[in-house]
Amino acid sequence: MTNPAAQPGFPAQDTAPATAGAVSAARSTGQVFAAVDIGASSGRVILGRIRNGSSATEDVSVELETVHRFPNGVVELDGGLRWDFDALFAEVLAGLEAAATVAAVQDETITSIGIDTWAVDYGLVNKAGELTAQPFSYRDDRSRAAVAPVHRKLDPARLYATTGLQFLQFNTLYQLATERDLNGLQALLIPDLIAFFLTGVRRTESTNASTTGLFDAVAGEWATEFLTALGLPKNLFPPLIEPGETVGTLLPEIASRVGLPAGTNVVAVGSHDTASAVAAVPAQEEDFAYVSSGTWSLVGLELDHPVLTEASRAANFTNERGVDGTIRYLRNMGGLWLLSECQRTWAAEGHTPELTDLLAAAAALPPGGPQINPDDSAFIAPDNMPHRIRATVGHTGDILPDNQAAITRCIMDSLATGYARAIADAERLAERTVDVVHIVGGGSQNRLLCQLTADTTGKKVVAGPVEATAVGNVLVQARAAGHVSGGLTELRRLVVSSHELQTFTPQLSRL
(Lines give C-alpha, C1' and ligand atoms only; values in the text may rest on other atoms or scores of the structure.)
Protein backbone atom coordinates (compact mmCIF):
# COMPACT_ATOMS: atom_id res chain seq x y z
CA MET A 1 0.00 0.00 0.00
CA THR A 2 2.89 2.37 0.21
CA ASN A 3 4.73 4.25 -2.47
CA PRO A 4 7.13 2.11 -4.48
CA ALA A 5 9.83 4.71 -3.99
CA ALA A 6 13.48 4.26 -4.80
CA GLN A 7 14.98 1.31 -2.97
CA PRO A 8 17.33 2.29 -0.13
CA GLY A 9 20.90 2.36 -1.37
CA PHE A 10 20.06 2.97 -5.01
CA PRO A 11 20.14 6.48 -6.50
CA ALA A 12 16.79 7.90 -7.46
CA GLN A 13 16.28 8.78 -11.09
CA ASP A 14 15.42 12.45 -10.87
CA THR A 15 15.16 12.97 -14.61
CA ALA A 16 13.11 10.36 -16.41
CA PRO A 17 12.14 11.07 -20.00
CA ALA A 18 8.85 9.74 -21.27
CA THR A 19 7.16 10.25 -24.58
CA ALA A 20 3.66 11.57 -24.95
CA GLY A 21 0.97 11.11 -27.57
CA ALA A 22 -1.04 14.00 -28.98
CA VAL A 23 0.61 17.13 -27.59
CA SER A 24 0.32 20.68 -28.89
CA ALA A 25 3.65 22.53 -29.03
CA ALA A 26 2.03 25.88 -28.27
CA ARG A 27 0.12 24.54 -25.30
CA SER A 28 2.93 22.50 -23.81
CA THR A 29 5.69 25.12 -23.84
CA GLY A 30 6.52 26.29 -20.33
CA GLN A 31 3.81 24.21 -18.64
CA VAL A 32 4.83 21.98 -15.73
CA PHE A 33 3.02 19.78 -13.23
CA ALA A 34 3.84 19.30 -9.54
CA ALA A 35 3.57 15.76 -8.20
CA VAL A 36 3.47 15.29 -4.43
CA ASP A 37 4.51 11.67 -3.92
CA ILE A 38 4.71 10.42 -0.33
CA GLY A 39 5.52 6.95 0.92
CA ALA A 40 5.81 5.41 4.34
CA SER A 41 9.48 6.27 4.71
CA SER A 42 10.02 9.32 2.50
CA GLY A 43 8.35 11.87 0.30
CA ARG A 44 9.18 13.98 -2.71
CA VAL A 45 7.81 16.91 -4.64
CA ILE A 46 8.56 16.46 -8.33
CA LEU A 47 8.16 18.71 -11.35
CA GLY A 48 6.98 16.98 -14.50
CA ARG A 49 7.54 18.71 -17.82
CA ILE A 50 5.85 17.91 -21.11
CA ARG A 51 8.28 18.76 -23.90
CA ASN A 52 8.16 18.53 -27.67
CA GLY A 53 11.09 17.09 -29.57
CA SER A 54 13.37 19.55 -31.32
CA SER A 55 12.41 18.12 -34.72
CA ALA A 56 9.44 16.44 -36.34
CA THR A 57 11.11 13.04 -35.96
CA GLU A 58 11.83 13.35 -32.24
CA ASP A 59 9.42 12.15 -29.60
CA VAL A 60 7.59 14.32 -27.15
CA SER A 61 8.85 13.60 -23.65
CA VAL A 62 7.91 13.86 -20.02
CA GLU A 63 10.82 14.87 -17.81
CA LEU A 64 10.85 14.54 -14.03
CA GLU A 65 12.85 16.74 -11.69
CA THR A 66 12.81 16.17 -7.95
CA VAL A 67 12.88 19.56 -6.25
CA HIS A 68 12.38 18.52 -2.62
CA ARG A 69 12.92 15.34 -0.60
CA PHE A 70 11.98 14.71 2.99
CA PRO A 71 11.83 11.81 5.44
CA ASN A 72 8.60 10.30 6.70
CA GLY A 73 7.87 7.68 9.31
CA VAL A 74 5.68 6.69 12.19
CA VAL A 75 6.18 8.26 15.60
CA GLU A 76 5.09 7.11 19.02
CA LEU A 77 2.56 9.72 20.12
CA ASP A 78 -0.46 9.77 22.42
CA GLY A 79 -0.28 6.05 23.12
CA GLY A 80 0.11 4.79 19.57
CA LEU A 81 2.03 4.75 16.32
CA ARG A 82 0.97 7.83 14.37
CA TRP A 83 1.95 10.01 11.43
CA ASP A 84 3.20 13.50 12.24
CA PHE A 85 0.84 15.11 9.75
CA ASP A 86 1.74 18.65 10.80
CA ALA A 87 5.38 18.02 9.91
CA LEU A 88 4.34 16.16 6.75
CA PHE A 89 2.21 19.04 5.52
CA ALA A 90 4.97 21.53 6.31
CA GLU A 91 7.25 19.49 4.03
CA VAL A 92 4.61 19.51 1.29
CA LEU A 93 4.48 23.30 1.49
CA ALA A 94 8.27 23.51 1.43
CA GLY A 95 8.27 21.28 -1.63
CA LEU A 96 5.66 23.37 -3.43
CA GLU A 97 7.64 26.51 -2.62
CA ALA A 98 10.75 24.87 -4.07
CA ALA A 99 8.75 23.87 -7.15
CA ALA A 100 7.47 27.41 -7.60
CA THR A 101 11.02 28.78 -7.32
CA VAL A 102 12.44 26.33 -9.85
CA ALA A 103 9.58 26.97 -12.27
CA ALA A 104 9.95 30.76 -11.97
CA VAL A 105 13.68 30.60 -12.68
CA GLN A 106 12.95 28.67 -15.87
CA ASP A 107 10.03 30.92 -16.83
CA GLU A 108 7.53 28.10 -16.42
CA THR A 109 3.98 27.95 -15.07
CA ILE A 110 2.85 25.18 -12.72
CA THR A 111 -0.44 24.11 -14.27
CA SER A 112 -1.62 21.87 -11.45
CA ILE A 113 -0.69 19.79 -8.41
CA GLY A 114 -1.40 16.08 -7.93
CA ILE A 115 -1.05 14.10 -4.68
CA ASP A 116 -0.46 10.40 -4.09
CA THR A 117 0.37 8.55 -0.88
CA TRP A 118 -0.13 5.17 0.74
CA ALA A 119 -3.67 3.94 1.37
CA VAL A 120 -5.92 3.02 4.32
CA ASP A 121 -4.95 5.71 6.86
CA TYR A 122 -7.01 8.84 7.53
CA GLY A 123 -7.31 11.95 9.64
CA LEU A 124 -10.46 13.15 11.38
CA VAL A 125 -11.49 16.74 10.64
CA ASN A 126 -14.17 18.68 12.52
CA LYS A 127 -16.69 21.15 11.11
CA ALA A 128 -14.22 24.00 11.59
CA GLY A 129 -11.75 22.19 9.37
CA GLU A 130 -9.38 21.31 12.20
CA LEU A 131 -7.53 18.02 12.45
CA THR A 132 -8.61 16.49 15.75
CA ALA A 133 -5.44 14.42 16.27
CA GLN A 134 -2.42 13.20 14.38
CA PRO A 135 -3.53 10.26 12.18
CA PHE A 136 -2.88 6.72 13.33
CA SER A 137 -0.55 4.58 11.22
CA TYR A 138 -1.65 1.24 9.83
CA ARG A 139 1.38 -0.19 11.65
CA ASP A 140 -0.29 0.52 14.99
CA ASP A 141 -1.91 -2.61 16.44
CA ARG A 142 -5.11 -0.95 17.63
CA SER A 143 -7.36 -2.42 14.92
CA ARG A 144 -6.55 -6.05 15.72
CA ALA A 145 -9.13 -6.16 18.50
CA ALA A 146 -11.79 -4.66 16.20
CA VAL A 147 -11.72 -7.46 13.62
CA ALA A 148 -13.94 -9.93 15.46
CA PRO A 149 -16.59 -7.35 16.49
CA VAL A 150 -16.76 -6.05 12.90
CA HIS A 151 -17.19 -9.56 11.55
CA ARG A 152 -20.01 -10.22 14.00
CA LYS A 153 -21.88 -7.30 12.43
CA LEU A 154 -20.74 -7.87 8.84
CA ASP A 155 -20.06 -11.37 7.62
CA PRO A 156 -16.66 -11.48 5.86
CA ALA A 157 -18.21 -13.20 2.84
CA ARG A 158 -20.74 -10.39 2.51
CA LEU A 159 -18.02 -7.78 2.89
CA TYR A 160 -15.98 -9.34 0.11
CA ALA A 161 -18.96 -9.84 -2.21
CA THR A 162 -19.53 -6.07 -2.11
CA THR A 163 -16.10 -4.50 -1.68
CA GLY A 164 -13.84 -7.19 -3.12
CA LEU A 165 -11.23 -6.07 -0.60
CA GLN A 166 -8.48 -8.31 0.69
CA PHE A 167 -8.64 -8.88 4.45
CA LEU A 168 -5.95 -6.97 6.29
CA GLN A 169 -6.39 -6.21 9.96
CA PHE A 170 -5.46 -2.57 9.38
CA ASN A 171 -8.03 -1.91 6.63
CA THR A 172 -9.81 1.38 7.21
CA LEU A 173 -13.12 -0.12 8.38
CA TYR A 174 -11.36 -1.94 11.24
CA GLN A 175 -9.50 1.22 12.22
CA LEU A 176 -12.76 3.21 12.20
CA ALA A 177 -14.41 0.60 14.37
CA THR A 178 -12.01 1.59 17.17
CA GLU A 179 -13.06 5.24 17.03
CA ARG A 180 -15.55 6.82 19.45
CA ASP A 181 -17.96 9.71 18.93
CA LEU A 182 -17.51 10.48 15.24
CA ASN A 183 -20.55 12.75 15.06
CA GLY A 184 -19.67 16.03 13.38
CA LEU A 185 -16.38 14.65 12.05
CA GLN A 186 -15.27 13.58 8.60
CA ALA A 187 -12.57 11.07 7.74
CA LEU A 188 -10.16 12.18 5.03
CA LEU A 189 -7.69 9.69 3.65
CA ILE A 190 -4.13 11.03 3.75
CA PRO A 191 -3.88 12.39 0.17
CA ASP A 192 -7.38 13.88 0.49
CA LEU A 193 -6.37 15.42 3.81
CA ILE A 194 -3.40 17.12 2.15
CA ALA A 195 -5.63 18.33 -0.69
CA PHE A 196 -8.13 19.69 1.84
CA PHE A 197 -5.52 21.77 3.64
CA LEU A 198 -4.33 23.08 0.28
CA THR A 199 -7.76 23.94 -1.14
CA GLY A 200 -10.36 23.87 1.63
CA VAL A 201 -12.33 21.33 -0.45
CA ARG A 202 -13.24 17.93 0.99
CA ARG A 203 -13.31 15.04 -1.49
CA THR A 204 -12.36 11.36 -1.49
CA GLU A 205 -10.48 10.14 -4.55
CA SER A 206 -11.89 6.82 -5.76
CA THR A 207 -8.74 4.69 -6.08
CA ASN A 208 -7.98 5.28 -2.41
CA ALA A 209 -11.64 4.98 -1.39
CA SER A 210 -11.57 1.45 -2.78
CA THR A 211 -9.04 0.44 -0.09
CA THR A 212 -11.28 1.35 2.85
CA GLY A 213 -13.53 -1.73 2.92
CA LEU A 214 -16.50 0.63 2.65
CA PHE A 215 -16.59 1.03 -1.15
CA ASP A 216 -18.85 -0.91 -3.53
CA ALA A 217 -16.51 -2.44 -6.13
CA VAL A 218 -19.26 -2.83 -8.75
CA ALA A 219 -21.28 0.36 -8.24
CA GLY A 220 -18.19 2.52 -7.68
CA GLU A 221 -19.92 4.21 -4.73
CA TRP A 222 -19.77 4.20 -0.95
CA ALA A 223 -21.35 1.08 0.59
CA THR A 224 -23.44 3.15 3.00
CA GLU A 225 -25.17 0.07 4.41
CA PHE A 226 -21.84 -1.00 5.88
CA LEU A 227 -21.33 2.40 7.50
CA THR A 228 -24.79 2.07 9.06
CA ALA A 229 -24.13 -1.49 10.24
CA LEU A 230 -21.00 -0.34 12.02
CA GLY A 231 -22.75 2.65 13.59
CA LEU A 232 -20.72 5.10 11.52
CA PRO A 233 -22.22 8.31 10.08
CA LYS A 234 -23.29 7.97 6.44
CA ASN A 235 -21.46 11.20 5.58
CA LEU A 236 -18.28 10.13 7.37
CA PHE A 237 -16.35 10.42 4.10
CA PRO A 238 -16.62 13.34 1.67
CA PRO A 239 -18.08 12.83 -1.84
CA LEU A 240 -16.09 10.81 -4.34
CA ILE A 241 -13.94 12.26 -7.10
CA GLU A 242 -12.26 10.50 -10.03
CA PRO A 243 -8.65 10.80 -11.25
CA GLY A 244 -8.40 13.72 -13.65
CA GLU A 245 -11.11 15.80 -11.98
CA THR A 246 -10.21 19.07 -10.26
CA VAL A 247 -10.44 19.06 -6.47
CA GLY A 248 -10.16 22.84 -6.19
CA THR A 249 -7.70 25.71 -6.33
CA LEU A 250 -5.09 26.73 -3.79
CA LEU A 251 -6.35 28.75 -0.87
CA PRO A 252 -5.08 32.34 -1.09
CA GLU A 253 -2.99 32.01 2.07
CA ILE A 254 -1.42 28.76 0.81
CA ALA A 255 -0.74 30.22 -2.63
CA SER A 256 0.90 33.26 -1.08
CA ARG A 257 3.01 31.14 1.24
CA VAL A 258 4.40 28.88 -1.49
CA GLY A 259 4.63 31.50 -4.22
CA LEU A 260 2.03 30.12 -6.64
CA PRO A 261 -1.03 31.80 -8.18
CA ALA A 262 -4.23 31.41 -6.16
CA GLY A 263 -5.89 29.88 -9.22
CA THR A 264 -3.49 26.92 -9.33
CA ASN A 265 -5.52 23.71 -9.59
CA VAL A 266 -5.16 20.69 -7.36
CA VAL A 267 -6.14 17.76 -9.58
CA ALA A 268 -7.12 14.30 -8.39
CA VAL A 269 -4.76 11.63 -9.70
CA GLY A 270 -4.53 7.98 -8.72
CA SER A 271 -4.05 9.12 -5.14
CA HIS A 272 -3.35 5.59 -3.97
CA ASP A 273 0.29 5.50 -5.03
CA THR A 274 -0.10 2.03 -6.50
CA ALA A 275 -2.89 3.27 -8.76
CA SER A 276 -0.54 5.90 -10.17
CA ALA A 277 2.27 3.34 -10.48
CA VAL A 278 0.10 0.83 -12.36
CA ALA A 279 -1.10 3.59 -14.70
CA ALA A 280 2.55 3.98 -15.71
CA VAL A 281 3.32 0.26 -16.15
CA PRO A 282 4.98 0.15 -19.60
CA ALA A 283 2.81 -2.71 -20.84
CA GLN A 284 2.52 -3.35 -24.55
CA GLU A 285 0.35 -6.41 -23.99
CA GLU A 286 -3.35 -6.53 -23.19
CA ASP A 287 -2.77 -9.07 -20.42
CA PHE A 288 0.18 -8.61 -18.10
CA ALA A 289 1.15 -9.08 -14.48
CA TYR A 290 2.73 -6.34 -12.41
CA VAL A 291 4.65 -6.00 -9.19
CA SER A 292 4.75 -2.55 -7.67
CA SER A 293 7.78 -3.19 -5.52
CA GLY A 294 8.70 -0.92 -2.67
CA THR A 295 8.04 -0.90 1.05
CA TRP A 296 5.16 -3.22 0.21
CA SER A 297 4.73 -5.43 -2.83
CA LEU A 298 1.49 -5.11 -4.80
CA VAL A 299 1.26 -8.12 -7.10
CA GLY A 300 -1.49 -8.77 -9.59
CA LEU A 301 -3.30 -8.14 -12.87
CA GLU A 302 -5.23 -5.25 -14.39
CA LEU A 303 -8.86 -6.17 -15.15
CA ASP A 304 -11.96 -4.42 -16.44
CA HIS A 305 -14.24 -5.88 -13.78
CA PRO A 306 -13.78 -7.17 -10.20
CA VAL A 307 -13.50 -10.84 -9.25
CA LEU A 308 -15.82 -11.30 -6.28
CA THR A 309 -15.96 -15.08 -6.03
CA GLU A 310 -15.61 -17.06 -2.84
CA ALA A 311 -12.46 -18.63 -4.26
CA SER A 312 -11.00 -15.15 -4.71
CA ARG A 313 -11.83 -14.26 -1.12
CA ALA A 314 -10.27 -17.49 0.14
CA ALA A 315 -7.11 -16.61 -1.76
CA ASN A 316 -7.14 -13.15 -0.11
CA PHE A 317 -7.05 -11.16 -3.34
CA THR A 318 -8.18 -7.58 -3.47
CA ASN A 319 -10.09 -5.61 -6.10
CA GLU A 320 -8.93 -2.01 -5.93
CA ARG A 321 -9.93 0.72 -8.32
CA GLY A 322 -7.42 1.99 -10.86
CA VAL A 323 -7.20 4.97 -13.17
CA ASP A 324 -9.96 5.06 -15.82
CA GLY A 325 -12.19 2.70 -13.85
CA THR A 326 -9.88 -0.29 -14.17
CA ILE A 327 -9.57 -2.91 -11.44
CA ARG A 328 -6.25 -3.61 -9.80
CA TYR A 329 -6.72 -7.28 -8.95
CA LEU A 330 -3.86 -7.96 -6.60
CA ARG A 331 -2.49 -9.36 -3.43
CA ASN A 332 -0.87 -6.96 -0.99
CA MET A 333 2.34 -8.62 0.18
CA GLY A 334 5.31 -7.83 2.32
CA GLY A 335 8.04 -5.98 0.48
CA LEU A 336 11.42 -4.34 0.74
CA TRP A 337 10.46 -3.07 4.20
CA LEU A 338 11.99 -6.37 5.36
CA LEU A 339 15.38 -5.46 3.93
CA SER A 340 15.30 -1.78 4.86
CA GLU A 341 14.49 -2.70 8.47
CA CYS A 342 17.39 -5.16 8.48
CA GLN A 343 19.65 -2.41 7.18
CA ARG A 344 18.40 -0.09 9.93
CA THR A 345 19.21 -2.68 12.60
CA TRP A 346 22.63 -3.45 11.13
CA ALA A 347 23.45 0.25 10.94
CA ALA A 348 22.52 0.67 14.61
CA GLU A 349 24.94 -2.16 15.36
CA GLY A 350 27.70 -0.40 13.44
CA HIS A 351 27.51 -2.45 10.24
CA THR A 352 26.61 -0.49 7.12
CA PRO A 353 27.49 -2.48 3.99
CA GLU A 354 26.68 -0.98 0.61
CA LEU A 355 23.42 -2.43 -0.68
CA THR A 356 25.00 -3.38 -4.00
CA ASP A 357 27.65 -5.40 -2.11
CA LEU A 358 25.00 -6.97 0.08
CA LEU A 359 22.94 -8.07 -2.92
CA ALA A 360 26.02 -9.35 -4.73
CA ALA A 361 26.94 -11.48 -1.72
CA ALA A 362 23.37 -12.76 -1.51
CA ALA A 363 23.35 -13.61 -5.24
CA ALA A 364 26.53 -15.67 -4.80
CA LEU A 365 24.80 -17.99 -2.34
CA PRO A 366 23.32 -21.25 -3.69
CA PRO A 367 19.55 -21.50 -4.25
CA GLY A 368 17.32 -23.58 -2.03
CA GLY A 369 17.93 -21.75 1.22
CA PRO A 370 15.31 -21.18 3.94
CA GLN A 371 12.40 -18.87 3.27
CA ILE A 372 9.78 -16.96 5.25
CA ASN A 373 6.26 -15.79 4.60
CA PRO A 374 6.72 -12.05 3.86
CA ASP A 375 3.08 -11.49 4.86
CA ASP A 376 3.56 -12.75 8.42
CA SER A 377 2.10 -10.14 10.80
CA ALA A 378 5.24 -10.52 12.91
CA PHE A 379 7.04 -8.33 10.37
CA ILE A 380 4.61 -5.38 10.29
CA ALA A 381 5.88 -3.27 13.20
CA PRO A 382 9.39 -1.77 13.28
CA ASP A 383 11.79 -3.76 15.45
CA ASN A 384 14.88 -5.98 15.17
CA MET A 385 14.08 -7.48 11.75
CA PRO A 386 17.09 -9.82 11.38
CA HIS A 387 16.23 -11.44 14.71
CA ARG A 388 12.57 -11.84 13.78
CA ILE A 389 13.41 -13.38 10.41
CA ARG A 390 15.85 -15.88 11.93
CA ALA A 391 13.37 -16.74 14.70
CA THR A 392 10.59 -17.32 12.16
CA VAL A 393 12.85 -19.64 10.15
CA GLY A 394 13.76 -21.43 13.36
CA HIS A 395 10.11 -22.12 14.12
CA THR A 396 9.97 -24.21 10.93
CA GLY A 397 12.86 -26.35 12.10
CA ASP A 398 15.30 -24.81 9.62
CA ILE A 399 18.38 -22.74 10.41
CA LEU A 400 19.26 -19.34 8.95
CA PRO A 401 22.82 -18.20 9.71
CA ASP A 402 23.27 -14.89 11.51
CA ASN A 403 24.83 -13.53 8.37
CA GLN A 404 23.83 -10.44 6.42
CA ALA A 405 24.15 -12.09 3.01
CA ALA A 406 22.15 -15.15 4.09
CA ILE A 407 19.38 -13.05 5.60
CA THR A 408 19.26 -10.85 2.48
CA ARG A 409 19.05 -13.92 0.23
CA CYS A 410 16.27 -15.31 2.40
CA ILE A 411 14.30 -12.09 1.91
CA MET A 412 14.87 -12.02 -1.86
CA ASP A 413 13.98 -15.71 -2.32
CA SER A 414 10.89 -15.30 -0.15
CA LEU A 415 9.65 -12.26 -2.07
CA ALA A 416 10.22 -13.89 -5.47
CA THR A 417 8.43 -17.06 -4.37
CA GLY A 418 5.56 -14.95 -3.05
CA TYR A 419 5.36 -13.05 -6.33
CA ALA A 420 5.21 -16.28 -8.33
CA ARG A 421 2.50 -17.72 -6.12
CA ALA A 422 0.40 -14.54 -6.26
CA ILE A 423 0.65 -14.27 -10.05
CA ALA A 424 -0.28 -17.92 -10.55
CA ASP A 425 -3.26 -17.51 -8.21
CA ALA A 426 -4.38 -14.33 -10.00
CA GLU A 427 -4.22 -16.05 -13.39
CA ARG A 428 -6.30 -18.95 -12.12
CA LEU A 429 -8.90 -16.85 -10.32
CA ALA A 430 -9.30 -14.26 -13.09
CA GLU A 431 -9.09 -16.87 -15.85
CA ARG A 432 -6.27 -15.02 -17.57
CA THR A 433 -2.85 -16.10 -18.82
CA VAL A 434 0.09 -13.71 -18.91
CA ASP A 435 3.56 -14.09 -20.37
CA VAL A 436 5.26 -11.02 -18.92
CA VAL A 437 5.67 -9.56 -15.45
CA HIS A 438 6.35 -5.83 -15.10
CA ILE A 439 8.24 -4.78 -11.98
CA VAL A 440 8.04 -1.06 -11.27
CA GLY A 441 9.22 1.07 -8.36
CA GLY A 442 12.36 0.74 -6.30
CA GLY A 443 12.48 -3.03 -6.62
CA SER A 444 12.94 -2.71 -10.37
CA GLN A 445 16.56 -1.67 -9.65
CA ASN A 446 17.19 -4.84 -7.65
CA ARG A 447 18.63 -7.17 -10.29
CA LEU A 448 18.69 -10.15 -7.95
CA LEU A 449 15.00 -9.79 -7.11
CA CYS A 450 14.09 -9.32 -10.79
CA GLN A 451 16.05 -12.38 -11.90
CA LEU A 452 14.67 -14.53 -9.09
CA THR A 453 11.15 -13.41 -10.07
CA ALA A 454 11.80 -14.51 -13.67
CA ASP A 455 13.14 -17.83 -12.40
CA THR A 456 10.27 -18.56 -10.02
CA THR A 457 7.48 -17.45 -12.37
CA GLY A 458 9.00 -18.88 -15.54
CA LYS A 459 8.01 -15.63 -17.27
CA LYS A 460 9.85 -12.74 -18.83
CA VAL A 461 10.32 -9.87 -16.39
CA VAL A 462 10.49 -6.26 -17.59
CA ALA A 463 11.93 -3.93 -14.95
CA GLY A 464 11.20 -0.20 -14.79
CA PRO A 465 10.49 2.59 -14.52
CA VAL A 466 11.71 3.27 -11.01
CA GLU A 467 9.63 6.44 -10.80
CA ALA A 468 6.40 4.85 -12.06
CA THR A 469 4.28 6.50 -9.38
CA ALA A 470 5.47 10.02 -10.26
CA VAL A 471 5.15 9.33 -13.99
CA GLY A 472 1.55 8.14 -13.54
CA ASN A 473 0.75 11.14 -11.34
CA VAL A 474 2.13 13.62 -13.89
CA LEU A 475 0.54 11.96 -16.93
CA VAL A 476 -2.94 11.99 -15.38
CA GLN A 477 -2.50 15.71 -14.62
CA ALA A 478 -1.19 16.39 -18.13
CA ARG A 479 -4.12 14.58 -19.69
CA ALA A 480 -6.56 16.51 -17.51
CA ALA A 481 -4.99 19.74 -18.78
CA GLY A 482 -5.26 18.59 -22.40
CA HIS A 483 -1.50 18.29 -22.87
CA VAL A 484 -1.68 14.58 -23.69
CA SER A 485 -4.60 12.56 -24.97
CA GLY A 486 -5.90 9.01 -25.06
CA GLY A 487 -6.50 6.24 -22.57
CA LEU A 488 -4.11 4.11 -20.56
CA THR A 489 -2.85 2.38 -23.69
CA GLU A 490 -1.68 5.68 -25.13
CA LEU A 491 -0.20 6.86 -21.84
CA ARG A 492 1.74 3.62 -21.50
CA ARG A 493 3.19 3.99 -24.98
CA LEU A 494 4.79 7.17 -23.73
CA VAL A 495 6.45 5.27 -20.92
CA VAL A 496 7.64 2.44 -23.17
CA SER A 497 9.25 4.71 -25.73
CA SER A 498 11.01 6.91 -23.21
CA HIS A 499 12.49 4.67 -20.53
CA GLU A 500 15.40 2.27 -20.63
CA LEU A 501 13.76 -0.92 -19.44
CA GLN A 502 15.63 -4.06 -18.42
CA THR A 503 14.50 -7.54 -19.40
CA PHE A 504 15.15 -10.70 -17.40
CA THR A 505 14.44 -14.20 -18.73
CA PRO A 506 14.15 -17.39 -16.66
CA GLN A 507 17.41 -19.16 -15.96
CA LEU A 508 16.46 -22.70 -15.07
CA SER A 509 19.95 -23.44 -13.78
CA ARG A 510 19.32 -21.04 -10.92
CA LEU A 511 16.23 -22.85 -9.63
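Buried residues account for 60% of the 511 residues in the chain. The model is a predicted one. Its secondary structure comprises 18 helices and 21 strands. The radius of gyration is 22 Å, close to the 24 Å that the globule rule gives for 511 residues, so the chain is as compact as a globular protein of that length. Along the principal axes, the C-alpha atoms fill a box of roughly 65 × 60 × 50 Å. The accessible surface of the chain is about 18,800 Å², and 49% of it belongs to carbon and sulfur atoms. Among contacts with a separation of 6 or more, 75% link residues 24 or more positions apart.

Strand 15 is largely enclosed by the rest of the structure, because 5 of its 5 residues are buried. In a regular strand, side chains alternate between the two faces of the sheet. Here Ala-289, Val-291 and Ser-293 point one way, while Tyr-290 and Ser-292 point the other way. All of these residues are buried.

Strand 15 pairs with strand 16 (residues 296-303) in the antiparallel sense, through 5 bridges. A hairpin of 2 residues joins strand 15 to strand 16. Within this pair, Ser-292 stands opposite Leu-298 of strand 16. Strand 15 also pairs with strand 19, in the parallel sense and over 4 bridges. Tyr-290 has His-438 of strand 19 as its bridge partner. Strand 19 in turn runs parallel to strand 20, joined by 4 bridges. There, Val-437 stands opposite Val-461 in strand 20.

Helix 16 (residues 447-457) is mostly covered, with 9 of its 11 residues buried. Among the buried ones are Leu-448, Leu-449, Cys-450 and Leu-452. Gln-451, Thr-453 and Asp-455 are also included. Just after helix 16, Gly-458 takes a positive phi of about 70 degrees.

A further open sheet has 6 strands in the order 3-2-1-6-14-13, again with mixed pairing. Strand 3 (61-71) and strand 13 (246-249) stand at its edges. Each has a single partner strand, so one side of each is left without a neighbour in the sheet. Neighbouring strands of this sheet are turned by 25 degrees against each other on average, direction ignored. Strand 6 (residues 109-116) and strand 14 run parallel and are joined by 2 bridges. Ile-113 stands opposite Val-266 in strand 14.

Helix 6 (residues 190-199) packs on the 6-stranded sheet. Helix 6 touches strand 1 (31-38), strand 6, strand 13 and strand 14, and its direction makes about 30 degrees with that of strand 13. Helix 17 (residues 468-480) also packs on this sheet, touching strand 1, strand 2 (42-51), strand 3, strand 6 and strand 14. The direction of helix 17 makes about 140 degrees with that of strand 1.

The largest nonpolar core has 81 residues. Leu-96, Ile-113, Ile-194 and Leu-198 have the most contacts inside this core. Helix 2 (residues 85-105) provides the largest share, 9 residues. A second, separate core of 52 residues includes Leu-301, Cys-342, Ala-362 and Cys-450.

Gly-263 lies in the loop between helix 9 (252-258) and strand 14 (265-267). Gly-263 counts as exposed because its relative accessibility is 55%, and the cut-off for exposed is over 50%. Gly-263 and Gly-248 are 15 residues apart along the chain, and their C-alpha atoms are separated by 8.8 Å.

Note on methods:
Residues numbered from 1 in each chain as written. Predicted model: local features only at pLDDT ≥ 70, side-chain atom pairs only at ≥ 80, totals over all residues. Heavy atoms only, no water. Buried < 20%, exposed > 50% of the residue type's maximum accessible area, 1.4 Å probe, protein only. Pairing = 2+ DSSP bridges. Core = buried A, V, L, I, M, F, W, Y, C linked by side-chain atoms within 4.5 Å. Rg over C-alpha atoms; globule rule 2.2 N^0.38 Å. Contact = heavy atoms within 4.5 Å. Areas by Shrake-Rupley, 256 points an atom, 1.4 Å probe, with all protein chains shown as cover. Axes fitted to C-alpha atoms, helices over the stretch in contact; angles between N-to-C directions.
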